[in-house]
Protein chains: 2
Amino acid sequence: MTRPGPGLERLSLNTATTKRWTLPEAVAGCVRAGVPGIGLWRDRVAETGATRAARLVRDAGLTVTSLCRGGFLTAPDAAGRAAAREDNRRAVEEAATLGTGVLVLVCGGLPEGSRDLPGARRRITDEIADLEPWARQHGVRLAIEPLHPMFCADRAAVSTLAQALDIAERCGESVGVVVDTYHVWWDPRVETEIARAGATERLLAFQISDWTVPLPAGVLLGRAHVGDGCVDVRRLARAVEAAGYTGFTEVEIFNEAVWEAPGEETLATVVDRYRRHLGGATERSG
Amino acid sequence: MTRPGPGLERLSLNTATTKRWTLPEAVAGCVRAGVPGIGLWRDRVAETGATRAARLVRDAGLTVTSLCRGGFLTAPDAAGRAAAREDNRRAVEEAATLGTGVLVLVCGGLPEGSRDLPGARRRITDEIADLEPWARQHGVRLAIEPLHPMFCADRAAVSTLAQALDIAERCGESVGVVVDTYHVWWDPRVETEIARAGATERLLAFQISDWTVPLPAGVLLGRAHVGDGCVDVRRLARAVEAAGYTGFTEVEIFNEAVWEAPGEETLATVVDRYRRHLGGATERSG
């Protein structure tokens, strides 16, 4: 078993943060750093296949805290919808094989040329409701990730925690939400909705990174190490803790400069920032 | 009086859209194009002074639909707060001189180095409440503009229409909101909150532009002509109309390419897109 470093019992590295590491490298890095959790991306898992990836992670004694990602549910045509259904069923199976109970869903934006946002949102709800029984049968929960509203057009038409919870409540017991500080920090209702997610037992994952300005072109790769920006990550971590969340905190950063750094160095920064900015905020209360 | 072009009775050019035009050029452009409304920016007004600007616009028979902008209310130190108070009082006076009943407030983001978003939001509420009697005495209403959440860190910690209305309701009868399609189109609650703004008589201004991807670096200049992006502007215009709004529709676009085009050409596009995408949506109902 991986022995967690002091205070790192609930820290998880999302492999998107150390983008250039292969899965075996990321696993070895976590073991060396005393980071007991790992959040996996499907492209990395596909390199070895889910079964071998599962063995690799299990043998290292790591916990798979989530699989990223299913979703992209807004295709308006029958072929696009069928392809998305098929892909999401495979994603659920992979999550089950990997031994994680959480499949993250990035729900998809507006189809090319469309202005029908309510329609896209209806399709997302319909498709998640359709996927829910499959997920339940596999012991996997579907974690809707509300993305920052600046991604509404092209990545996720689910833009707030309140909206994600509304959808989850309509779709069944196996559906919940991800709270990602980067996506929700601006929301005046964030603490209320985190509490609601906890109270309804739908708070499935907690991811952290920081917001800096100016945003880069395309805005996808603007995330920063915790502590480099203006997000009060500790406040949000406390809200998540107060809501009864007892899972891991995943660090997920999309940033070209972070990706250019050696994985070892990035992970050391992740650990340092976690200790400095969240130390004590997510200690188990009982 | 400026004779409005057919169907243009409620169209207004916000002068930020034709950034390179001086105020006299913008006024002459509106008269030629049959656009009866003009939304002014304080920097353009300052070039001639408010009294001369008021005469220029009045003599041309145009209606000043708003003055942009007051606000920037989040300074944490006494000197910064005092300076903002002084500046906002001058902005109210300018609005009154210009004969417009609407001063747009862009409320300001987090102070440099701060992570205290709830604190910044409290200061915004306090400062607007402080400014309200002055505005009321001058016959000017303060229109809080919720900016898209991607501007929360650096421009406006007021991020949703619901939040803007919550603040307005706390601050007095002279405070209301601006609905700008670029800032609110993504919001799952947008129609509910537009209706609320109308029902509480706080819907003070309606501005339009469109959202395109990818966003440019810094994200400020990403707005597009109506029809070039993915916003269903007509749906939002209808919601505003259904809420009882009888004012002008201001076209406000920040975009380097739009600014590079000759003002005449930009205004022709504004008129064409307004007719094509909003024709009928904002006809006076009685």
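1. Fold contacts. In chain A, 79% of the contacts with a separation of 6 or more are between residues 24 or more positions apart. Two residues are in contact if their C-beta atoms, placed from the backbone, lie within 7 Å. The model is predicted: local features need pLDDT of at least 70, side-chain atom pairs count only at pLDDT 80 or more, and totals for chains, interfaces and linings use all residues. Residues are numbered from 1 along each chain as its sequence is written, while chains are lettered from A and ligands numbered from 1 in the order in which they are written.

2. Overall dimensions. Along the principal axes, the C-alpha atoms of chain A fill a box of roughly 50 × 40 × 40 Å.

3. Content and burial. Chain A has 11 helices and 10 strands. These are DSSP runs, numbered from the N terminus: helices are H or I with at least four residues, strands E with at least two. Buried residues make up 56% of chain A. A residue is buried if 20 or more other C-beta atoms lie within 10 Å of its own, exposed if 12 or fewer, and partly exposed in between, with C-beta atoms placed from the backbone.

4. Interface. Chain A gives 26 residues to the contact, and chain B gives 26 residues. On the side of chain A that touches chain B, 17 are nonpolar, six polar and three charged. Here Ala, Val, Leu, Ile, Met, Phe, Trp, Tyr, Cys and Pro count as nonpolar, Asp, Glu, Lys and Arg as charged, and the others, Gly among them, as polar. The copies meet through the same surface, because 100% of the interface residues of chain A are also interface residues in chain B.

5. Cis peptides. Most residues other than glycine have a negative phi, and most peptide bonds are trans. The bond from A:Cys68 to A:Arg69 is cis, with omega near 0 degrees. A:Arg69 sits in strand β3 (residues 63-71) of chain A. In chain B, the bond from B:Val213 to B:Pro214 is cis, with omega near -5 degrees. B:Pro214 is in the loop between β8 (210-211) and β9 (223-224) of chain B.

6. Positive phi. A:Glu201 is not a glycine, yet has a positive phi of about 55 degrees. This residue lies in the loop between α8 (190-199) and β7 (203-208) of chain A. A:Glu201 is exposed, with 12 other C-beta atoms within 10 Å. B:Val219, also not a glycine, has a positive phi of about 60 degrees. B:Val219 belongs to the loop between β8 and β9 of chain B, and counts as buried with 22 C-beta neighbours inside 10 Å.

7. Helix α3 of chain B. Its buried residues are B:Ala50, B:Ala53, B:Ala54 and B:Val57, within residues 50-59. They cover an arc of only 100 degrees around the axis, which puts them on the same side of α3(B). The arc is that of the directions from the helix axis to the C-beta atoms. The cover over this buried side includes α1 (23-33), β2 (37-41), α2 (42-48), β3 (63-71) and α4 (78-98) of chain B. Exposed B:Thr51 and B:Asp59 are on the face turned away. B:Gly61, with a positive phi near 80 degrees, follows α3(B).

8. Strands. Strands β4 (residues 102-106) and β5 of chain B run parallel, joined by four bridges; two strands pair if DSSP finds at least two bridges between them. B:Leu105 has B:Ile144 as its bridge partner in β5(B). In a regular strand the side chains alternate between the two faces of the sheet. From β5(B) (residues 141-144), B:Arg141 and B:Ala143 point one way, B:Leu142 and B:Ile144 the other, and all are buried. In chain A, β1 (residues 11-14) and β2 also run parallel, joined by three bridges. A:Asn14 stands opposite A:Gly39 in β2(A). Strand β2(A) (residues 37-41) is largely enclosed by the rest of the structure, because four of its five residues are buried.
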